[in-house]
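Student: I have a model open and want to learn how to read it. Can we go feature by feature?

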Amino acid sequence: MTPAARIASAIEILDRVLAGLPAEQSLLRWSRASRFAGSGDRAAVRDLVFEALRRRNSLAALGGGCDGRRLMIGMLRDGDTDPDTVFTGMGHAPAALSDAERHQRVDSSPVIDLPEWIVPLWRESLGEEADRIAALMGQRAPVWLRVNGRKSSVEQALAALADDGVEAKADDRLEGALQVISGERRIARSGAYLEGLVELQDLSPQMACAALPLNSGDRVLDYCAGGGGKALALACRQDGLKIDAHDADPGRMQDIPARAARAGVSIRLTDKVTGKYQLVVADVPCSGSGTWRRSPDAKWRLDEANLGSLIATQSQILDSCSKFIAPAGHLAYMTCSLLDEENDRQIAAFLSRNDRFSLISRQLWTPVTASDGFFLALLQRKP
């Protein structure tokens, strides 16, 4: 595909996404209907779509409107490329610019790439760093790996990745955290990944898992396990743990047995939680505002009603999973959100209705201090 044809495809996909179809579904639909597109074409079109969604408002200001065509016009102008050189109407290129598009007045006033309704909450939550973090959310997210210390050293993992064309570097903020520099699309086929030497996990949740108290013999519950990333990180960190994984939708956990086998650890899946645990991890459903550069369409789908529903669900989960904490045990409440309503205020509300627990520590990671936005509150039940 020519660069112009890729942009034409991105316009088609963006229009579907802006009409309400999730980005991944829209990309998959296009890919299935476009057998002529090679892997490089699919990757390039995906990058165009995700960049446009990350910076929707600012590109709309440059392009004159918020549809796929004008977002692409805005992206070209932002990159100092004359849209007339791409929008030619020749071959598979987008239709030629109209006079109105060609002479459209560019809005140069400052723009924040967030839904208007959430900007006050964002700024209240993040203070002086709010706009800087919003700008960083307009950039592509780095890829991070976690070295499995049960099977490999950092040096061995780096060498194994390099053998398969994946360049990575260690990060001095956390032992075992690797940032991928190049070759990220080769990771899933690399020997280091297939043999369990490394696992995909962003730096921020890696740091959160490393901050949790663990002792050999502890019973640990990953209450909202999903794909099991937190359970795997804890199992690889400490010998002798008895780890259970639970999720309200058991289907989300279907990959855990294979991932655990690859990592060389044991994780038990459970539909019904019983007994007491020394540590319960609750990585709750949330707005995902800390990961919006990875799933940028999600920020445009979120509305106040959705956020309110999520906050209610978080509150219910906190109350439910707190019943499984042993005396002097810990509850780790986690979100991939940057909003106070889902983080500190949620914890304050829980403590106000439950005097058996106290707050031990809390931490908010952002793209300024780590990678994705991620929140951890560590609570302890009284003996």
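Tutor: Strands here are DSSP runs of E of at least two residues, and helices are runs of H or I of at least four, numbered from the N terminus. Two strands pair if DSSP finds at least two bridges between them. Before going on, note that this is a predicted model: local features need pLDDT of at least 70, side-chain atom pairs count only at pLDDT 80 or more, and totals for chains, interfaces and linings use all residues. Residues are numbered from 1 along each chain as its sequence is written, and side-chain values use heavy atoms, with hydrogens and water left out.

Student: How many bridges join β5 to β6, and which way do the strands run?

Tutor: There are 4 bridges between β5 (residues 219-222) and β6 (residues 242-245), and the two run parallel. From β5 the chain passes through helix α12 (residues 229-237) to reach β6, in a right-handed β-α-β crossover. Right-handed means that, with the strands pointing away from the viewer, the path from the first strand over the helix to the second runs clockwise.

Student: In what order do the strands of the open sheet come?

Tutor: The order is β2-β3-β1-β4, 4 strands with antiparallel pairing. β2 (167-170) and β4 (198-200) are at the edges with a single partner strand each, so one side of each has no neighbour in the sheet. From one strand to the next the twist averages 35 degrees; axes are lines fitted to C-alpha atoms, for helices over the stretch in contact, and angles run from 0 to 180 degrees between N-to-C directions.

Student: Which residue in β3 is the bridge partner of R146?

Tutor: That partner is A177. R146 lies in β1, and 3 bridges join β1 (residues 144-147) to β3 (residues 177-182).

Student: Is R146 buried or exposed?

Tutor: Buried means under 20% relative accessible area, exposed over 50%, partly exposed in between (1.4 Å probe, protein chains only). R146 has 9% relative accessibility, so it counts as buried. Leaving out residues up to four places away in sequence, R146 touches G176, L197 and V198, among others (contact: heavy atoms within 4.5 Å). Its side chain makes a polar contact with the side chain of Q201, at 3.1 Å. A polar contact is a pair of N or O atoms within 3.5 Å; within protein, one must be able to donate a hydrogen and the other to accept it, and residues adjacent in sequence count only if both atoms are side-chain atoms.

Student: Why is helix α4 called largely enclosed?

Tutor: In α4 (residues 56-63), 6 of the 8 residues are buried, so the rest of the structure largely encloses the helix. The cover over those buried residues includes α1 (3-18), α3 (39-54), α5 (68-78) and α14 (297-301). G64 follows α4 with a positive phi, near 95 degrees.

Student: How many disulfides are there?

Tutor: A disulfide is a covalent bond between the sulfur atoms of two cysteines. The rule asks for a pair of cysteine sulfur atoms within 2.5 Å, and the count comes to 0. For C209, the closest cysteine sulfur is in C236, 11 Å away, too far for a bond. C336 is in no disulfide either; the nearest cysteine sulfur, that of C286, is 3.4 Å away. C336 is partly exposed, at 21% relative accessible area.
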